[in-house]
Each structure stands twice: as structure tokens, then as C-alpha cells.
Amino acid sequence: MVPLPAPLSRWFAAQAWALHPHQQAMLERASAASTLLIAPTGGGKTLAGFLPTLAELAQNPAPGLHTLYISPLKALTADIRRNLRRPIEGAGLAIRVEDRTGDTSATARKRQRADPPHILLTTPESLALLLSYEDAGKVFGGLQRVIVDELHALAESKRGDQLTLLLARLQSLSPGLRRAGLSATVEDPPALARFLAPGTQVLLADPGPDPDISMLETPQAPPWSGGGGRHAIPEILKQIKAHRTTLIFHNTRAQAELFFHDLWLSNDEGLPIGIHHGSLAREQREKVEAAMAEGRLRAVVCTGSLDLGIDWGDVDLVIQVGAPKNVKRLVQRIGRANHRYNAPSKALLVPANRFEVVECRAALDAVRDRTLDGEPRGPGSRDVLCLHILMTACAGPFDPDALYREIATAGPYHDISRLDFDRTLDFVATGGYALRAYDRWQRLKQTGPLWHLRDPRTAAVIRQNLGTIVDSEMMKVRLRGRGQPLGEVEESFASSLTPGDTFLMAGQIVRYEGLNELTVEVTRSAAKDPRVAVYSGTKFATSTLLADRILQIFQQEDWPGLPAHTAGWLALQRQVSRLPDRDSLLLESFPHEGREHLCIYGFAGRNAQQTLGLLVTKQMEEQGLDPLGFVATDYATLIWGLSPVTDPAPLFEVETLRQGLETWLSSNALMKRTFRNVAIVAGLIERSHHGRRKTGRQATFSSDILYDTLRRYDPGHLLLQITRDEAMRGLIDFSRIEGLLARTEGRIDLRRLDRVTPLSAPLFLEPSKVPIEGQAREKLADAAAKALMQAAGLV
Amino acid sequence: MHFALTLGPETLHALPSGALHWPARRLLAVSDLHLGKSARLARRAGALLPPYETRATLERLDADIAATAPATVICLGDSFDDLAAADSLDEGDALWLTRLMAGREWIWVEGNHDPGPLSLGGSHRAEVGFGALTFRHIADPAEMFEISGHYHPKARLAGQGKPCFLADARRLILPAYGAYTGGLWCEDPTLSGLMQPGALAILTGARARAIPMPR
């Protein structure tokens, strides 16, 4: 057993701390090239990651950077610095720890590069900046270890792609560098290990006891449709009273706001309850975080903004309102309760409607069986690679062969072909074929074997644009006549408001007064019901794992695990039609209120069902079936129109759907938006120029023009390909439609019924119906006009 | 598909686009183009309309001119959102407009948003008469056989609201031709007061459809 150096072990003994087995194991493996530690929340992961560093520096505190710690959150780096101070000062070690983030002052940054600390805490974006300077070799040449915290979260986005490229760079600068990744529970540890580095060893900590998790019973059955869980407020208040601190998670910010508003109206005892989500102003969030850390709040209504990070005091209950949509995220959220190792976390699920009751049951089963969902990670994004090449050029001339070899050591780019690399390099150098004539995109030049910046002065601008996170276009919301911002709303939401409209912001109803420059001005409103709160449309789709489990539950003979209201509903559906299963695609066709309806039970998730609605109605239009509109949920798409569908097979041919998709994609606002993000990440469009930040709208103007130009003159352009791939994976989610069609292999079961079925009924109550502007509207308008003219005696 | 109507002795076609075609005179009239609206809003309040409305409007006008080959085009006022909008028109859009004007008589009737003369060629008139018909921006209740714009009338049919023409035996009011222009519902007393009983609303859209004017 590798012992801790004496000062450290004395300090540990004085605290009466014993190392957890996985912490000891990290110490044992200190010399391994790359290790991935997977441990539940509260398992002392971060300390486990730092132990080898502390041990080595305790024995030999030579000057120079020894360990780099990378976390996805700025807030986390500050927290870790405080936490590390205790053992370092307690054991009397001469170890310097500093953090470096976007908030670090310019002088501190300069000093850090000249005289780096032993341990530097940073984020991927700040590391990218550090590596873009000419002296990166000097700063990182002696680096011994790199610790990546919350690796599972970073791996989910482009930030993870960038991170692995940065690690490859660091490894080239310091070949003896050892990597340690720290992660919460994930579905495929070997895949995450490959992501961190080839040959990474996985260390699995004891996952701890099963969580104490159940569905919240409410006397009032959940509504048939909608979200928010407001029916459960009395029971939730009881739970808040019965616990020290409760976190109440919602899936969207709008739902969190609506729920918080109603919770306050019922909070007769005035329990201290706060709200926390990504649209609130930073000052507002920090206030809630501080109150939370001091134990002054009994509950916080929140969204994914509290998924990661710091220990929030004494949370002893987590409530998830609305279907969890994704088991992995649910498990991580549950872990927020009882941040102590080896104590079960306590959590309650609150389904917001009948369908979600089944989904919550499926999620409970999945947590019990310890199965996690997750889509396999695709290859690394090419726009991030563009960014990385630019960054490399900022640091100095580079050899393309060496850079190619280096990039191929990064997990997500392991399989990149030389041809693809060369095309990417060509794009970075010249902007690609259609943009070759423009000076501003001529950025790299080859002299001999080495590539370098055409104009070294451009490095400063490139450095300002080195990130993979593209903010959506947000506008600040401010009370008229007062300084403090309340939060932010999306620009598209702001532009839909007219003076007098009311909406919820930071838990209060405000009245829209007007725009002032780029600020939304509001006043407090006495209105009881807000008009809307639809800012931030992050809607997660139900994962494949959960959808499959729901279909399994449907196949049970009876449903003892479900509340009686839901079991009765399913039984009735079985009696009048049937319940959907995995092996076939169930369609129900029925008339209702003078319209023909088609319900498609694809269980492919919200985004794919939405896409399916668009594509199928397009086919129906071509076949003269006169669709009028559709609505999609995670489970089904409901289409209404003038004629019944009798021969569904041609509507669901994968080739037909794909062709429809191509036509639709080419003229689509979604593609433009995706292109904007890709073009910003790839450095084609600048977010800021010499410190003056562009507004989202300015960037959109120029990106839209670029998109149209490229589509017309260079349809094979690299960025258009990336845009397409990304849109297909994200909001369009076509792969799940393909998965659905592959799974059912043409087995389509069309049931003709004489009325609405129990399972389809909730769909009629769904908001956000999509109208189809086609022949059906024309026919209806013709008939209406004719009837009116006849009634008036004008024909 | 147009809708044919008569005003005095003349037969006129209400086009689905919102333009008025007078085949016998080879004349096309459009009202309230409001070119440059988003640019004006951006100047005033930093507002957020997409910048395409000028192009969208010109595209439709181009198509109508191509289909009807008029010898005379009358823009019935409020063609530009304000005078600055005419001067700050995007170069490409200005060229496009010049191309549409070439080879035909082009008459700008003054509106309340663009009262003064414009720098774009064509002739500028407070109002203009052709035969028995008079074209002006704002309807004059005392006049007969008059064609005007200004009000941006709209009507609902089968659950959808659309810009519309309003027509009775004495006058015709054109819908706003520009994209993103708001409107006044037919039920508004201003419009009910102007139009006689038995007036028709002719809705724009995929085809022009007449209904009794909703009141």
C-alpha cells in the first residue's frame, strides 16, 4: 500500500479521516498514464483526484506547474481552491494553488504565465486561451498531472471535444503527463475512458446504497395533459415541511417559474423558498446560492442549473417534477440529496400528467435495476477542430503532419482521416472554395512545411473567440427605473411581446413596457395570471431506454405498480383499441368533431415525433389527404385533416421520409440557427472584435447571409456538412425515426375506430399545435366563403 | 386566381397578392408597401424584425408585374416607411426597384408616412385620376369611384385572418401590400362607417375570395 507522506497522514489522522478505498486506489495508481474514477456524488471524488498530486508535492515542492485541474464550472474552481486550502494549510505544505477563469484579472493572468503555481484550477475555455500563447511550451513543459472533474458532463457537449484536443496538445508539450478523469455514474464507462485517452484504466468506486426513491402520492390525480405538477403543490409543501432542505427540479425554466409562483401562493406559513435557473441574473442566482449554503432556505425550485457542482448544504430531499426523460440525469439529480457517502439519497418523482405516471414508473424501475440511458457519443465535431487549428496557429507555426498525429490521439478524433484533416485545415486557411476571394478569411499561410498565421496581429482577435459555448441570443430584463436586472429572456421571446403583456420572471409577474436598447423594460404587475413564460425552450426528449421500458409496462397483464387512475386508463385503452408495443407501429384513425385524425404511437421522443409530424403531413398533402395540422409529444404524433388515412405504408417509407427531409431542411430556419452556432465555433464569424461584443442579432444577420451564399455557390462546404450533421442529431433527431422504422420493419397496425381513444385523448389538450398551410385550408376557406355569400344572397 | 369586380363603368381584378389589376388600362395598383419598415424600427427602438420584409415585398411585386405586364404602376402611398427609409434602401433593393420601374409609367401617390417627393424617379402626385376613377391614399367619404389604401383592412375566414380588399359600389380600399404591416379588422367602426351595406371583403391568400364584409 502506498502510504501518504507523513505531514498529510498526520493531518488526516487529526481530522479522524480514513481514506475511502477508491481514494487509496487512486494513490496506488499515481503513476498510471490515465485513470478514470467513477464514483457517486459525495464519494470524495475530487480529493481522490488530488491525492497523488498532494503526495508528490509534499515530498518535492519544486517550483513550476505540477497539476492542472479542469472543471466545467467556474464556480467549482473557486470552491475547490477553498477546499484544498484545508489539507494544504493543515499539513503545513508549501503548495501554491490558484485558479484561472474568465473572471481572473489581466495582471494575475500575466503573472501566472510568468510564474505558474503548483496547482492551477481552470476551465476548458481558459485552458484553450493559455495554450494559444507562444509561451505555452514553457508554462506546460513540466506539467505532471491533469485532473478533469465532472468528465461525464463535459463529454456531453462540444466542450468535451475541445477538451480532448487540449489534452492531446498538453501531452505533446509534456510527454510524461498523467491524466485522471473524475465522473459520476455513466452507462458506458469504457467509452468514457476511451474519450479521456486511449488505454485509460477504469476505477469503479462502490456505488453506495440504493436511493430511497418513490412516486409522490397525491389525492388529486394528475391532469390528462400539460406539465408543471401544480396539482401536487399541497403534498409538496408537506414534504418541504418534513425535511430540512428540498431541491425541486423542473425540466424547463418556464415550468419552474410557473410552479414557483403557485407554490408561493399556497405557502401560507411563509417558508423560505427560492428559485434558481439559468435565465435569472447572476446576482439573483448568487443570492440564492449563498442563502442555500448558509442553510437559510427550506427549498429551492430549480432546473438543470443545479445539476452540477458544489455541495449545497444539507439537502435531504430531491423532488423531480415532471417525467425525468432521462434516467442518467435523474440519478445524478437524486445524488444531490444527502451528499454523504454511504447514505441513501431520498427522492420523490411527481408525474405532471397521466402519461408521465407511466414514465415515472419506468424510471423508478430503471433506477432500481441500475440501468442507465445514453446515446453513443458521435465522432468529434469538426467545427471544434477548426477552432483548435486556429488556436494552434496562434501559439506559433506548426507542422501539419505532427498536428494530424497529435489530433488522432484525442479520443473523439481517433478515426479522423488525413483527407478530412486536410480539408479542415484548408477551410481554416482559406475559408473554403466560395470564400476564397475574401481577404478576411485568408488566415493561414504555408511557408516551407510549416503553417502559420498570415497576419500575426489577428491572434488577438482569434483568442477572443476561442469557445465552444454559443450563447443563445438573450436580452436582459430590467424593472423600469431601477438598476438591478431580474434576468434574461431569449430575443425571440422578447420580440413576441407587445406592451401590456405579462409574464413571469424571477417568481414575480411583470408587465412588458418596451425595449430600451438591448434591454427589456418591465414594471411589476398586479395581474393574477401571467400571459406566458416561454423563454428558454430546452425540451429534453424521453430517452430510448425509458420509451422502451414504457412499452414493456404496456405489455403487462395488469398494473399493480401504477395508481388506480392510470391502470384503469390503460385497461380501457386495451379494451377499445390496443396498447402500443415495440415490434410494430400502432396507428389509430378516427373521426372527431368533423375532422379525420391519425395518431402515430412512435415513442421516439419529442423531437423525432415532431419531425415525423412534419414529414408525414407533407406526404399526406402530396397524396391529397388534406392534413390541417398536428401536435407531437414524446410518445405520439396526432395529425388531423379532411380525409382519413387508409393506406399508411407509403407514408412511412424511410426513403420517402428522407427525401422529404432534404427538401424541408434546405429552407429551414432551424438550419440557419445551427449554422450560426457552427460558424461561430469554427471561427468563421467573430463573436467579438477587439473587445466589443456583437449582439446575437448582428451575428445572425451576417451568418444568414453566409449561409445563403454557401448554399448557392458551395453546397459541399465543410461548414454546411457540419451544420447538417448537427441538425440531424439534435432537434431533428432523424436517427430515432430510422430506429423506429428499423425496429418495426414495416409492421404497421392501423386501427380504424369510431371515436377518440383513451390513449390519444390527452394529445388533444397539448399546446403548440402546428398548422399545415396546404390544400385543406384552401378547401375550407372556399367552402366558408361560398356559404357566407349564399347566406347573404350575393351569389 | 383573381376576383373580378366593377367600380363605376370599369372592371377591375383583385389579385390574390393584394395588388389591383385594371386590364383595360394595363394598370397595376398597390398600396402601403412600407419598404424599409424593419430598418426604421431598428433606428428608433432597436427592434427585432428580420430584415427580409423589403425583399419579400419586392419579390411579390416583381411577380405581379411579370404576370400582368402593366404600362402604368400606381403605388398608392406609404410606399416607404418614412423618407429616411427611401434614402437608406439597401443598394441591391434600390437597383431591383429601378429595374421594375424601367419601361413603364410609375406613379408614387403621397401617403401619410412618406409625404414628400422621393429620390427614386417616377412621378409624384397627391392623387391621380384615370377615366372615371380616382386613386388617392386616404379615402374621402364624399367621393365616388375612388380607389384608396391606408387602412390595411383585414378579415377572418375559416379561422384565419388575412389582409383584404373592401369593395362597394362607390369605392375600393386596397389591403397593405407590404409584409409585416399590421392591420385594421373590418369590424372596426372606421371601416364600417366608410363602406355601404352589402360591401364585400375580398381576402388575399392563395386565391382571392370574396365574402360579405364582416361588420
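**Note on two strand regions of chain A**

1. In β13(A), L349(A) is the bridge partner of Q320(A). That pair belongs to the parallel pairing of β12(A) with strand β13 (residues 346-350) of chain A, made over 4 bridges. Pairing here requires at least two DSSP bridges between the strands; strands are DSSP runs of E of at least two residues, helices are runs of H or I of at least four, and both are numbered from the N terminus.

2. The model is predicted: local features need pLDDT of at least 70, side-chain atom pairs count only at pLDDT 80 or more, and totals for chains, interfaces and linings use all residues. Residues are numbered from 1 along each chain as its sequence is written, with chains lettered from A and ligands numbered from 1 in the order in which they are written.

3. β12(A) also runs parallel to strand β9 (residues 245-249) of chain A, with 5 bridges joining them. V315(A) in β12(A) is the bridge partner of T245(A).

4. Strand β12 (residues 315-321) of chain A is largely enclosed by the rest of the structure, because 6 of its 7 residues are buried (20 or more other C-beta atoms within 10 Å of the residue's own, C-beta atoms being placed from the backbone).

5. An open sheet of 6 strands in chain A has the order β27-β21-β22-β24-β23-β28, with mixed pairing. Its edge strands, β27 (748-752) and β28 (770-771) of chain A, each pair on one side only.

6. Within chain A, strand β22 (residues 595-601) and strand β24 (residues 637-641) run antiparallel, joined by 5 bridges. Opposite I600(A) stands T637(A) of β24(A).

Conventions: Buried ≥ 20, exposed ≤ 12 C-beta atoms within 10 Å, placed from the backbone.
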